[in-house]
Amino acid sequence: MLSESERLITEMRIRLFAAVAAAALLQMAAPGGLSAQTPAETKLYNKTLKKPSVKAYDKFLKKYPDGFYSLEILRLRDTELFAKVNKEDAQAVKAFAQAHPDSPISGEVAALILSHNTSPLSKEEAKKIAAEYADAVGWRRDNVDHVMAIRLDEGRISLQRLSLQGTPDAEAVPVQIHTLSDLVPSRLDGGLETVTLGSRNYLSFSYLNEGGSSEKEWVDALYDADADVLYNAMFYGKELSTKAGPVIEGQCLEELSGGLMTPQLTWLLGKIKENPFLKQISKADLLTDESIAWWLDKNPSAQTTARTVRFGALDPESSIVEMYKKSKKENGTNFNAALFDLRGYTMICAYSKSTKDYILVWCEPVCKNRNRDQLLNTIYFENGNTLDLFYYKGRTTFKVRLNLANKNLRRS
């Protein structure tokens with residue numbers, strides 16, 4: 001099986017062959033076909049081949065820049081020029097490529113430049129050199145070999161370039177990113193890899209930001225070591241337990257932003273979409289999560305000392321509204337109400353008969369231990385607008401009365 005470098009070199013050669021063949025076909029298709037060359041051009045061509053030199057090639061190309069033999073002469077000239085270039089001198093090779101961008105031997109030159117920037121070190125060899133780091137890869141730049149290593153230390157991620165002897169030969173580069181201040185990088189995933197996009201090599205790595213809550217941030221990153229530029233895409237959400245294992249349900253911030261789709265960002269978004277650990281949240285559940293967060297923020301003492309409650313209007317597309325429609329209803333004078341569990345919370349959704357609006361009137365975490373914690377078991381209308389919330393707590397019971405008209409709250 002071909003290595004990545006061999007594959008790219010092969011593709012370059014195929015493209016070069018196709019370009020040469022296409023040029024030949026165009027010349028054959030010209031008026032007169034193979035006889036399109038003039039006797040004078042053929043005479044100079046034969047003379048040039050008898051005493052070949054760069055000077056003779058340039059003379060021919062100056063007189064017949066688009067002639068029948070010009071592509072062959074150009075190839076011969078550039079081959080002779082390139083033969084004088086020190087192939088181990090990366091700068092000299094790049095200078096030749098810049099001076100002859102349309103050369104027939106551009107595929108050969110590009111392959112050499114690629115080899116000057118493709119490390120021969122195996123993953124195992126790189127990790128042995130960087131034994132004190134979490135992971136490492138070989139890194140060649142302009143025909144000089146290094147090792148690039150990654151480290152996670154006390155919530156800080158950094159990349160370090162090392163010599164082949166394992167000593168740092170550049171400053172460490174901090175590369176982490178997070179949007180929530182209480183989250184810190186806690187786990188590298190999949191190690192460090194090299195990725196080639198276009199003609200540039202990048203370092204690819206992934207990590208997880210987490211803290212004490214269920215909120216998580218997954219980050220995929222590409223680092224351009226030559227330009228010292230970090231590209232990243234972040235998937236933010238909550239960790240959920242599934243039969244297949246934990247997943248993060250949320251959304252990709254870069255995809256939502258709708259910004260410029262660079263090749264680097266396109267690659268990163270593709271990697272996120274292929275990750276089975278990341279689950280795109282539906283619009284209905286996203287609206288629900290936003291409503292839950294709003295209600296909890298506006299009613300921090302609802303379960304303890306509050307005497308009034310603020311209700312939240314619901315988007316009709318919210319999954320709360322969808323669940324309400326499927327649930328058993330309690331009918332009041334001006335409102336109907338339903339009690340159900342959704343997305344880790346026990347909640348009451350009410351429907352206003354006058355305004356035709358759906359309203360989130362109550363929300364609390366689902367009871368995890370029925371023998372110890374309070375369990376909202378039943379709701380019913382005591383009178384026209386007063387909804388009774390009936391609780392169990394161990395072997396005791398209590399009620400909370402919530403007036404849906406004036407939003408007053410009483411405990412008994």
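Biologist: Hi! Quick one to start: are α5 and α6 roughly parallel or antiparallel to each other?

Modeller: Hello! Keep in mind that this is a predicted model. Helix α5, residues 90-99, packs with helix α6, residues 106-116, at an angle of about 150°. An angle over 145 degrees counts as roughly antiparallel, and α5 and α6 are therefore roughly antiparallel to each other.

Biologist: How far apart are the axes of α5 and α6, and what hand does their crossing have?

Modeller: The axes of the two helices are 10 Å apart, and the crossing of α5 and α6 is left-handed.

Biologist: Which residues in α5 and α6 meet?

Modeller: From α5 you have Ala90, Val93, Lys94, Phe96 and Ala97, and they meet Val109, Leu112, Ile113 and His116 in α6. By class, the residues of that contact are seven nonpolar, one polar and one charged.

Biologist: Nice. What about α3 and α4, at what angle do they pack?

Modeller: Helix α3 (residues 54-63) and helix α4 (residues 70-83) pack at about 150°, and their axes are 9 Å apart. They are therefore roughly antiparallel to each other, with a left-handed crossing.

Biologist: And which residues in α3 and α4 meet?

Modeller: On the α3 side they are Val54, Tyr57, Asp58, Phe60 and Leu61. On the α4 side they are Ser70, Ile73, Leu74, Leu76, Arg77, Glu80 and Leu81. The α3 contact with α4 has eight nonpolar, one polar and three charged residues.

Biologist: Let's zoom out. How many helices and strands does the protein chain have?

Modeller: The chain comes to 11 helices and 19 strands. With 412 residues, the globule rule gives a radius of gyration of 22 Å, but the value here is 35 Å, well over that, so the chain is more spread out than a compact globule. The C-alpha trace spans about 110 × 60 × 30 Å along its principal axes.

Biologist: On to the strands. In which sense do β5 and β6 pair?

Modeller: Strand β5 (residues 184-197) and strand β6 (residues 200-210) pair in the antiparallel sense, over 10 bridges. Valine 184 stands opposite glutamate 210 in β6.

Biologist: What sits between β5 and β6?

Modeller: Two residues, and the two strands form a hairpin around them. Glycine 198 is in the turn and has a positive phi of about 65°.

Biologist: Speaking of positive phi, which residue other than glycine has a phi near 70°?

Modeller: Asparagine 143 is one of them, with a phi near 70°. Asparagine 143 lies in the loop between β1 (135-141) and β2 (144-153). Lysine 407 also has a positive phi, about 70°, although it is not a glycine. You'll find lysine 407 in the loop between β18 (396-403) and β19.

Biologist: So what is the strand order in the open sheet with β18 and β19?

Modeller: That open sheet has four strands in the order β16-β17-β18-β19, with antiparallel pairing. At the edges are β16 (374-381) and β19 (409-411); each has a single partner strand, so one side of each is left without a neighbour in the sheet. Neighbouring strands in this sheet are turned by 20° against each other on average, ignoring direction.

Biologist: Over how many bridges do β16 and β17 pair?

Modeller: Seven bridges, in the antiparallel sense, with β17 covering residues 386-393. Glutamine 374 stands opposite lysine 393 in β17.

Biologist: Now the five-strand sheet: what is its order?

Modeller: The order is β11-β15-β14-β13-β12, an open sheet with antiparallel pairing. Its edge strands are β11 (312-313) and β12 (330-331), and each of those pairs on one side only. Further in, strand β13 (residues 335-342) pairs with strand β14 (residues 345-352) over eight bridges in the antiparallel sense. Alanine 337 has alanine 350 in β14 as its bridge partner.

Biologist: Which strands does helix α10 touch?

Modeller: Helix α10 (residues 283-298) packs on the sheet and touches β11, β13, β14 and β15 (358-365). The direction of α10 makes about 70° with that of β15.

Biologist: And α11, which strands does that helix lie across?

Modeller: Helix α11 (residues 319-326) lies across β13, β14 and β15. Relative to β13, helix α11 runs at about 110°.

Technical notes:
Residues are numbered from 1 along each chain as its sequence is written. This is a predicted model: local features need pLDDT of at least 70, side-chain atom pairs count only at pLDDT 80 or more; totals for chains, interfaces and linings use all residues. Side-chain values use heavy atoms; hydrogens and water are left out. Axes are lines fitted to C-alpha atoms, for helices over the stretch in contact, and angles run from 0 to 180 degrees between N-to-C directions. Angles under 35 degrees count as roughly parallel, over 145 as roughly antiparallel, 65 to 115 as roughly perpendicular and the rest as oblique. A crossing is left-handed if the near helix is turned anticlockwise from the far one by less than a right angle, and right-handed if clockwise. Contact means heavy atoms within 4.5 Å. Ala, Val, Leu, Ile, Met, Phe, Trp, Tyr, Cys and Pro count as nonpolar, Asp, Glu, Lys and Arg as charged, and the others, Gly among them, as polar. Two strands pair if DSSP finds at least two bridges between them. The radius of gyration is taken over C-alpha atoms; the globule rule is 2.2 Å times the number of residues to the power 0.38.
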